[in-house]
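Student: I have a structure open and I'm new to it. Could you walk me through how to read it?

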Amino acid sequence: MTTATASLAANTVVRIGYGALQLERLRDRRADAVALVRRAVELGVNHVDTAEFYGFGFANDVIREALRPEDDVLVVTKVGADPDPGGRLPLRLAQRPEQLRASVEDNLRSLRVDRLAVVNLRRLDTGPGLRADGDQVVDLDDQLAVMTALRDEGKIGAIGLSSVTRDGLRRALPADIVCVQNAYSLVSRDDEDMLQLCEAEGIAWVPFFPLGGAFPGLPKAVDEPAVHAVAVSLGVTPSQVGLAWLLHRAPNVLLIPGTADSAHLEANMAVGEITFDAATLATLDAIESRSNEIPIG
């Protein structure tokens, strides 16, 4: 449905991809999960975001079964946490260099590939979510050392960062960072300067929580009256407005909205066809940005 593309790790990808986190909701309907990923490819998706800790490996298993070599889909995974089925949260931090290496090996095994095209190092420096403590407080340089070693070994093609600060990104630039995944949305734009830095450096900006709050107390784009008004005027949904705003924000923005529903998937892909005039953009840009800094745990 959408033809707009951008660059990610020297690959040309459609700007609307698919985030695999929600596949876990189809754990008892594996065939439906596989069919959903196949449908994403049919709709033009060639960028899928996943992790071994998504559904304790279920997402990776589905992606491995669903994707074929001829699909030419860029699969991006991440490390920094591991599955923890018996824990209070479904994941545990895995920030230490030896844990990062083990997590890369886990993703290689579950995806059954010899090389992971792009691996995001999930830091815990900013945005909503967990914060590191104890032996999980690890210097970024130590983490980048093992990530670059894995790249040199051919197990990783390229390195990205997630939940990183602007200073952290600047420190990491010599490692040839190809993408940044931070929480960023119409209603939480604290990282505007980082987005601009990424654009200047040719780094893809891949926002998670692209519509705002996934945790209680965080602002949500779909709660904004202005977003609803724009949606009504264009005949689209408030969620589509929030996603389309991100595509209009900068040419290096890539979306990875997740869903377990094929109709929702099609609605997400249709966002690429939504255009805003100057007045509409000004209305959306005027929405107040609020902090998404709510540590969890």
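This is a predicted model: local features need pLDDT of at least 70, side-chain atom pairs count only at pLDDT 80 or more; totals for chains, interfaces and linings use all residues.

Student: How many helices and strands does the chain have?

Tutor: There are ten helices and eleven strands.

Student: Back to Ile274, then. Is Ile274 buried or exposed?

Tutor: The cut-off for buried is under 20% relative accessible area. Ile274 has 9%, so it is buried. Leaving aside neighbours within four places in sequence, Ile274 is in contact with Leu234, Val236, Gln240, Ala244 and His248. As for His228, its C-alpha atom is separated from that of Ile274 by 15 Å, and the two residues are 46 apart along the chain.

Student: Let me zoom out. Why does the radius of gyration of the chain agree with a compact globule?

Tutor: You compare two numbers. A compact globule with 297 residues would have a radius of gyration near 19 Å, and the chain has 18 Å, so the two agree. Along the principal axes, the C-alpha atoms fill a box of roughly 50 × 40 × 40 Å.

Student: What share of the residues of the chain count as buried?

Tutor: Of the 297 residues, 53% do.

Student: Now, how do I read a helix?

Tutor: An α-helix has 3.6 residues a turn, so residues three or four places apart point the same way. Look at helix α2 (residues 58-66), where Phe58, Ala59, Asn60, Val62, Ile63 and Ala66 are buried. The cover over those buried residues includes α1 (30-42), β4 (47-49), β5 (74-79) and α3 (97-111).

Student: Glu65 is in helix α2 too. What does Glu65 count as?

Tutor: Partly exposed, at 47% relative accessibility. Setting aside neighbours within four places in sequence, Glu65 is in contact with Arg30 and Val34. From Thr12, Glu65 is 53 residues away in sequence and 23 Å away in space, C-alpha to C-alpha.

Student: Which residues does Pro97 touch?

Tutor: Pro97 sits in helix α3. Not counting residues up to four places away in sequence, Pro97 touches Val138, Asp142 and Val146. At 23% relative accessibility, Pro97 counts as partly exposed.

Student: How do I read aromatic pairs?

Tutor: A pair of aromatic rings is described by the distance of the centres and the angle of the planes. The structure holds four aromatic pairs. In one of them, the rings of Tyr184 and Trp205 have centres 5.7 Å apart and planes at 85°, so the pair is edge-to-face. Tyr184 lies in the loop between β10 (177-181) and α6 (192-201), while Trp205 is in strand β11 (residues 204-205), so the pair ties together parts that are 21 residues apart in sequence. Both Tyr184 and Trp205 are buried. Together with Trp245, they form one aromatic cluster.

Student: Last one: what should I make of a backbone phi value?

Tutor: Most residues other than glycine have a negative phi, and most peptide bonds are trans. Ser163 has a positive phi, near 55°. Ser163 is in the loop between β9 (156-162) and α5 (166-172), and at 1% relative accessibility it counts as buried. Asp176 has a positive phi as well, about 65°, and is placed in the loop between α5 and β10.

Key:
Residues are numbered from 1 along each chain as its sequence is written. Side-chain values use heavy atoms; hydrogens and water are left out. Helices (H or I, at least four residues) and strands (E, at least two) are DSSP runs, numbered from the N terminus. The radius of gyration is taken over C-alpha atoms; the globule rule is 2.2 Å times the number of residues to the power 0.38. Buried means under 20% relative accessible area, exposed over 50%, partly exposed in between (1.4 Å probe, protein chains only). Rings of Phe, Tyr and Trp (its six-membered ring) pair if their centres lie within 6.5 Å; planes under 30 degrees apart count as stacked, over 60 as edge-to-face and the rest as tilted. Contact means heavy atoms within 4.5 Å.
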